[in-house]
Amino acid sequence: MTTAAIIVAAGRGSRAGGPEPKQWQALGGVPVLRHTLDAFAHIGRTVLVLHPDDMTRGIAEFGGEVTLVAGGATRTASVRAALELLEGSGVTRVLIQDGARPLTSPALIARVLAALDQAPGAAPALPVTDALWTGAGGRVTGARDREGLFRAQTPQGFDLAAILAAHRSGPAEAPDDVAIARAAGLDVAITEGEEENIKITFPGDFARAEAILHRRKGAPAMDVRLGNGFDVHAFCEGDHVTLCGVKVPHGRGLLGHSDADVGMHALTDAIYGALAAGDIGRHFPPTDPQWKGAASEIFLAHAAALARDRGYTLTNVDVTLICERPKVGPHAAAMCAELARILGIAPDRVSVKATTSERLGFTGREEGIAAIATATLVA
Ligand SMILES: Nc1ccn([C@@H]2O[C@H](COP(=O)(O)OP(=O)(O)OP(=O)(O)O)[C@@H](O)[C@H]2O)c(=O)n1
Ligand SMILES: C[C@](O)(CO)[C@H](O)COP(=O)(O)O
């Protein structure tokens, strides 16, 4: 019996976002695909299916260890390309794996292979344990029986001749290869899947996968990130300043492209910093006229949403405003409440305080206000 792994990685990862398709993004310092290939290295022969645009990179990074083939417009077409390539190669069975599932364990692969000895198809799955509802318009409209329902995973293993024939005669598109196999009447055994055998699908899955990797390496599961931010705005003509979302009466205003909320800007940068996601200017360029006079709440809400999307919880933030005047103390509680509202966290996780610079420097000369901020994110 000669087995080959087929790793399909020709998708564009549109739901995961990021600067490049998810299979190329870093996980534990190397591309997601590196982990997936390593998990199947012991199988001996691997066919890696890549998007035509990625072939040059694929040859450079993995050319020496796998057979490369260009994928199609759908996952089904990508699998088919690899199956056709393997026909007549001497391979008798295949394990078809999502490139975006980097944490598949040797034990799970062994279970699929063992089940393949008894059936022409075998695939890992986990029973549905949560209650199942139907819903519409944000309301529960009914319930479904979860008995006998499973969440499908990969690798899905098959007799090569049987699954190739099923693909040739089957639907052009299907959710997975088990669906293709079943449409052709093949018997598919269910083997035990694993909660950690996740497919990277959404942005937050990267943080989940990182946490699993850390735990497997014996490192603490918790990913704690700290970011800092600093900002300065000069005084100008005006009758108030906006600080941490609160309008504070003052004999001067603050100069800036947006509403010049120096405290909120420092905090926004602290969150971007913790995420290693650049700074406020990268996400909201000052050259873009649409941000002229904008409420800084937009920037802070964006940074908080980015943190949530990546799977982080904002555990606390701390802002220090540096100015001689206006006096911040009487407004600090309102500022904390406003920041907490925008961030979607409890007010007791938000601190706003102020200090003077003892009349030294530009803040001491009352030429402007400076702010520093810290944010902690945990996944
Ligand atoms: N034309 C395609 C589409 C998907 N895949 C692969 O199939 C696996 C599972 O698909 P999915 O998670 O849906 O990946 P994408 O199609 O890349 O993601 P999205 O739907 O978010 O764009 C991935 O490893 C993906 O690269 C593929 O090889 N060829
Ligand atoms: C094949 C698969 O991974 C089984 O769970 C899945 O069907 C493919 O991914 P998608 O997110 O459904 O496109």
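Hi everyone. Let's start with one residue: setting aside neighbours within four places in sequence, Asp 223 is in contact with Ala 207, Glu 210, Ala 211, Val 378 and Ala 379. This is a predicted model, so please keep that in mind throughout.

Where does Asp 223 sit? You'll find Asp 223 in the loop between helix 7, residues 204–216, and strand 13, residues 224–237. Is Asp 223 buried, exposed or partly exposed? There are 15 other C-beta atoms within 10 Å of Asp 223, so this residue is partly exposed.

Now let's step back to the chain. How many helices and strands does the protein chain have? The secondary structure comes to twelve helices and 19 strands. The chain has 379 residues, and 40% of them count as buried. Take the contacts with a separation of 6 or more: 69% of these are between residues 24 or more positions apart.

Asp 117 and Phe 158 are 41 residues apart in sequence, and their C-alpha atoms are 9.9 Å apart in space. Asp 117 is in the loop between helix 4, residues 106–116, and strand 7, residues 121–127. Because Asp 117 has 10 C-beta neighbours inside 10 Å, it counts as exposed.

Next, two pairs of helices. Please find helix 8, residues 262–274, and helix 10, residues 297–309. Their axes are 9 Å apart, and the helices pack at an angle of about 20°. That angle is why helix 8 is described as roughly parallel to helix 10. The crossing of these two helices is left-handed. Which residues meet there? From helix 8 we have Met 264, Leu 267, Thr 268, Ile 271 and Tyr 272, and from helix 10 Phe 299, Leu 300, Ala 303, Ala 304 and Ala 307. Sorted by class, that contact has nine nonpolar residues, one polar and no charged.

The other pair is helix 3, residues 75–86, and helix 5, residues 160–169. Their axes come within 10 Å and cross at roughly 130°. Helix 3 and helix 5 are therefore oblique to each other. This crossing, too, is left-handed. On the helix 3 side, the contact is made by Val 79, Arg 80, Leu 83 and Leu 86, and on the helix 5 side by Leu 160, Ile 163, Leu 164 and His 167. By class, we have six nonpolar residues, one polar and one charged.

Helix 3 leads us to the ligands. Helix 3 and strand 1, residues 3–9, each supply at least two residues of the shell around ligand 1. How many residues surround ligand 1? There are 22, and the closest are Val 8, Ala 10, Gly 11, Arg 15 and Ser 78. The shell divides into seven nonpolar, ten polar and five charged residues.

What about ligand 2? Around ligand 2 you'll see Asp 98, Ala 152, Gln 153, Thr 154, Pro 175, Asp 176, Lys 199 and Thr 201. Here the classes are two nonpolar, three polar and three charged.

Hold on to Thr 154, please, as we turn to the backbone. Most residues other than glycine have a negative phi, and most peptide bonds are trans. The peptide bond from Thr 154 to Pro 155, though, is cis, with omega near 15°. Pro 155 is in the loop between strand 10, residues 150–152, and strand 11, residues 156–159. Another cis peptide bond joins Arg 325 and Pro 326, where omega is about 0°. Pro 326 lies in the loop between strand 17, residues 313–322, and helix 11, residues 332–343.

And which residues have a positive phi? Glu 358 is one of them, with phi near 55°. Glu 358 sits in the loop between strand 18, residues 350–355, and helix 12, residues 361–364. Glu 358 has 9 other C-beta atoms within 10 Å, so it is exposed. Glu 366 counts as partly exposed because it has 14 C-beta neighbours inside 10 Å.

Notes. Residues numbered from 1 in each chain as written. Chains lettered and ligands numbered in written order. Predicted model: local features only at pLDDT ≥ 70, side-chain atom pairs only at ≥ 80, totals over all residues. Axes fitted to C-alpha atoms, helices over the stretch in contact; angles between N-to-C directions. Helix = DSSP H or I, 4+ residues; strand = E, 2+ residues; numbered from the N terminus. Parallel < 35°, antiparallel > 145°, perpendicular 65-115°, else oblique. Left-handed = near helix turned anticlockwise from the far one by under 90°. Contact = placed C-beta atoms within 7 Å. Nonpolar A, V, L, I, M, F, W, Y, C, P; charged D, E, K, R; others polar. Near = placed C-beta within 6 Å. Buried ≥ 20, exposed ≤ 12 C-beta atoms within 10 Å, placed from the backbone.
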